[in-house]
Structure formats: structure tokens, C-alpha cells
Amino acid sequence: MTDFTPTEMMTIAAARALTNDDVCFVGIGAPSAACNVARLTHAPDITLIYESGTVGTKPDVLPLSIGDGELCDTALFTVSVPEMFRYWLQGGRITTGFLGGAQIDRFANLNTTVVGPYDHPKVRLPGGGGAPEIASNCGQIFITMALSKRGFIEKLPFITSMGHGEGGNHRERLGMKTKGPTRVITDLCILEPDPVTKELTVVSIHKGVTREQVSENCGWAIKFADEVIETPAPTETELSVLRDINARTKKAHEAA
């Protein structure tokens, strides 16, 4: 078996969550890498949509931002941002949203706004962009983030994008008809919300990782499912595709 890094394991495990029939709203960074690995391996017909209005894009290199020309150049077509959000997203035409974040809590709510008090933050983050609408309107949400006490915290200082709110049926009580986050993929494990409480629960641990490592890197007393499986290691094909697109991306951006 080829050696792999925790980040490669996270990206490939995230890619595997997608299917050939998905229409996926893609976030920049780790979500974009996962979605394009899926497109280049087991899901060649997946439709990737970016916030800038590009539909059916097939980038040869990973974009630096939603405004990267690579997205428009390789898209099936491009629409205006208002049309993207009103017709495609709010119209219920997107099956899956793939997001990342700076911080997350036990109910998969995301913070990309501030670290610390809102009025006097320690760090001012980039903000929500389209993530709040993506989290609310896509059929389901996948989240990919490295597991750490800095990112997985007991209580968020600010909720930018709603996951399962206070848990339970909170989304339903607010009139939200989509599933919300159904999977959180990290560099150590995979979590899914409990069917009743909606609290994130470990369902799979990556090869070579222990339960103690998972617990030590989470900011709350993380729970484990009754049956926790070992995440299948990346295949040579998956690793090759991921490393190739990362290498092309690095070369292209260095040249630019």
C-alpha cells in the first residue's frame, strides 16, 4: 500500500462521499479538491457548480477563488450570481453542498466570521460568502475540516452557516426542508449526525488512528457509534489523481 498523508486521506474520503448523479455546490479549498478527485475517478458525470455561476465546470487545476478564470473557461455554461442563487440553489436544483470552515460545533454549525467576541474579535475571518445559503438550501451538506481542538469547539462565538442548530428537529422547527450536514470528513475520522439528537458521532476512523487521538483532538467529549469501522485506505488510483491535480495546480499558480 502506498503511503499517504492525513490530508490526502481526508480529501479522498470526502471524494468518495459523492456520486455520479450529484449536482454539487463546491466550496474553495479542501471541498474543491475532493469534488474534482471524485470527478476524475468514480463520478465522471457529476455536475460541479461554483458560487460565481459556473455550471458543469471541469477545471484542469484547482481554483484559487470562485473568480478564478479556470472555472469559467472549463464550464458547460455560466450564469449570473443572482440566477445561481435564486434559480439553482433556492430552487432546489442542487443535491449536495460541500463546505469547509474555520470552526464547527457538535451539531455541525459552522463559523467563518470571527474568532472571539464579535465586537472585539481575536481574528476577523473572511465571512460567510454564499455558505449560509448553501447550508440552508442544498439537499444535503458534506463538510471537510482537519480535526483539532482549535477548529472543533464546544461553543461557537458566531454561527455563520447553520448545521443542525441546537440539535434534534431544530431545522424543521425553522421551516428548513433540507437535510443539512449528513457527513463531516476529517483527517482522522468521519462523523455523521445521530439520527435523533443530530450530535456528530464518529462512524469511521482512518487507518492507523486511535480513538484516543480522535478524542484528544476534539474540543468536546466526542461520541462514537456502536459500530465504528476503519476507513478504507486510498487506492493507488485515487492517490495518483489527487497528487497529479495538486502538482498541476502548484505549477500553474507558480507560473502565474
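A residue counts as buried at under 20% relative accessible area, as exposed over 50%, and as partly exposed in between, with a 1.4 Å probe and protein chains only. By that criterion nine of the eleven residues of helix 2 are buried, so helix 2 is largely enclosed by the rest of the structure. The model is predicted: local features need pLDDT of at least 70, side-chain atom pairs count only at pLDDT 80 or more, and totals for chains, interfaces and linings use all residues. Residues are numbered from 1 along each chain as its sequence is written, and side-chain values use heavy atoms, with hydrogens and water left out. Helices (H or I, at least four residues) and strands (E, at least two) are DSSP runs numbered from the N terminus.

**Helix 2 and its surroundings**

- The buried residues of helix 2 are Pro31, Ser32, Ala33, Ala34, Cys35, Asn36, Val37, Ala38 and Arg39.
- These buried residues pack against helix 1 (6–16), strand 1 (23–26), strand 2 (47–50), strand 5 (96–99), strand 10 (140–144) and helix 8, where contact means heavy atoms within 4.5 Å.

**Helix 2 against helix 8**

- Helix 2 (residues 30–40) packs with helix 8 (residues 236–255) at an angle of about 120°, their axes being 10 Å apart.
- That makes helix 2 oblique to helix 8; angles under 35 degrees count as roughly parallel, over 145 as roughly antiparallel, 65 to 115 as roughly perpendicular and the rest as oblique.
- Axes are lines fitted to C-alpha atoms, for helices over the stretch in contact, and angles run from 0 to 180 degrees between N-to-C directions.
- From helix 2, Asn36, Val37 and Leu40 meet Val241, Leu242, Ile245 and Arg248 of helix 8.
- The residues of this contact comprise five nonpolar, one polar and one charged; Ala, Val, Leu, Ile, Met, Phe, Trp, Tyr, Cys and Pro count as nonpolar, Asp, Glu, Lys and Arg as charged, and the others, Gly among them, as polar.
- Thr237 lies in helix 8 and is exposed, with a relative accessible area of 53%.

**Helix 1 against helix 2**

- The axes of helix 1 and helix 2 come within 8 Å and cross at roughly 60°.
- That makes helix 1 oblique to helix 2.
- Thr11, Ala14 and Ala15 of helix 1 meet Ala33, Ala34, Val37 and Ala38 of helix 2.
- Eight of the eleven residues of helix 1 are buried, so helix 1 is largely enclosed by the rest of the structure.

**Nonpolar cores**

- A nonpolar core is a set of buried Ala, Val, Leu, Ile, Met, Phe, Trp, Tyr and Cys residues joined through side-chain atoms within 4.5 Å.
- The largest such core has 35 residues, and Ile104 and Phe152 have the most contacts inside it.
- Helix 4 gives the most to this core, with four residues.
- Apart from this core lies another, of 25 residues, including Ile12, Ala17, Ala43 and Phe98.

**Positive phi values**

- Most residues other than glycine have a negative phi.
- Ala108, although not a glycine, has a positive phi of about 65°; Ala108 is found in the loop between strand 6 (103–104) and strand 7 (110–111) and counts as buried at 1% relative accessibility.
- Lys198 has a positive phi near 70°; Lys198 is placed in the loop between strand 12 and strand 13 and is partly exposed, with a relative accessible area of 23%.
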